[in-house]
Amino acid sequence: MVNLSASNAALVRDMVEALGAPAVLLDGQGVAQALSPAMPVLIPGLAVGKLLALVLRDPDLNDAIEHVALGGGRKTVELVERVPVERTFRIHIAALNDSGLRHATLLTFQDLSEQRVIERMRVDFVANASHELRTPLASLLGFVETLQGPARNDERARERFLGIMREQGLRMARLVDDLLSLSRIEQRAHVAPDTPVDLAGIAREIVDSLTLMARERDVTLALKTPREALQVPGDRDELLRLMENLVENAIKYGKPGGEVAITVEAGESEASVSVRDDGPGIAPEHLPRLTERFYRVDTAASREAGGTGLGLAIVKHIVLRHRGRLTIESKPGEGATFKAILPRFEGRA
Ligand code: ADP
């Protein structure tokens, strides 16, 4: 243990102030003597001369500091702060001998908040994915049992059940495809694509391939693109997927008999593609969550339309990998506009 005599107290303070991690030195009474630069960023109310117990009013933390200050040995505690946002810290508390009855203590903080959010997301994701797969699987197994048992000799029921089983199988296949796409895009997230891809060409291809689907819902696809090619550094397959997901959604959730406008535009250093429908639109409270995995405004309507709830999550990840951004604008009753803005290829260093 360091002996905090008057001569080395200044050195200890200097050392605490030089630390990269958030740390605070307390005297035997729990008053802050020195802070590392990261400390006030983490706990804004804390300053030299302040009693820590008045800033962090957590009984477990303060009991642990008391225990260490009285010579009971090091301690580690976890602290959850709920205001202004939920944050979790792990705090190591060690004593420095200041030759008084009570020891000075050094507290080092580790911010676990991000780690906890990621852990929670992972757990939720596995639970959601399993649930999404379990529903069609249960239905499939139910029909197999019915076909093996009561409906064994019922020709008409067999035809109908096989049709439903095919639908459920296709739904599971779509889900697995979407999950794999998402994980592939995420794996490559740190490698930005750099092959020139013509965004206008991509839009034309998708409009062609979705014409039939649009016709089934009596939806008109109105495409506007610049005459010349508009290149972005991109991954062709991913950009096709991005465009397909947005246009498909506009057809699925837009107005039957309405219009979907697909517009590709060139900016100075950016290119954008926007997809606008004239459907019922999306209420503002849903907008920030639309790109979360499995988030749907209306789960039954999404399932009915063959949705997996992953389309917009895939779009967001593709846009991020392309170093672009996605904007969503909508007012209930006035349709929705999804716009992907990507850096242009031309004029790149
Ligand atoms: P899904 O497979 O359910 O279509 P997405 O991730 O593509 O999943 O979309 C998530 C949800 O966002 C949809 O379930 C739907 O509620 C809503 N949504 C997406 N596009 C539109 C749109 N153009 N108009 C209204 N709602 C939309």
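Analyst: Start with the polar contact, a pair of N or O atoms within 3.5 Å; within protein, one must be able to donate a hydrogen and the other to accept it, and residues adjacent in sequence count only if both atoms are side-chain atoms. Here an oxygen atom of the ligand lies 3.1 Å from a polar backbone atom of Val297. This is a predicted model, in which local features need pLDDT of at least 70 and side-chain atom pairs count only at pLDDT 80 or more, while totals for chains, interfaces and linings use all residues. Residues are numbered from 1 along each chain as its sequence is written, and side-chain values use heavy atoms, with hydrogens and water left out.

User: Which residues around the ligand come nearest?

Analyst: A residue is near a molecule if one of its heavy atoms lies within 4 Å of it. There are 19 residues around the ligand, and Tyr253, Ser302, Thr308, Gly309 and Leu312 come nearest.

User: How much space lies in the largest pocket, and what lines it?

Analyst: On a 1 Å grid over the protein atoms alone, a pocket is an open set of points where a 1.4 Å probe fits, with protein on both sides within 12 Å along at least five of seven lines; lining residues have an atom within 4 Å of a point. The volume is the space filled by probe spheres set on the points, which are joined across faces, edges and corners. The largest pocket holds about 800 Å³. Its lining has 37 residues, with Asn249, Lys252, Tyr253, Ser302 and Gly307 nearest the centre. Helix α8 (a DSSP run of H or I, at least four residues) gives the largest share of this lining, nine residues.

User: Why does the largest pocket lie between domain 2 and domain 3?

Analyst: Domain bounds come from an automatic or database domain assignment. Domain 2 (112–187) and domain 3 (191–349) both give residues to the lining of the largest pocket, so it lies between them.

User: Which residues are closest to the centre of the second largest pocket?

Analyst: That pocket has about 510 Å³ of space. Met121, Arg122, Asp124, Phe125 and Arg293 are closest to its centre, out of 16 lining residues. The largest share of that lining, eight residues, comes from α5.

How values were computed. Helix = DSSP H or I, 4+ residues; strand = E, 2+ residues; numbered from the N terminus.
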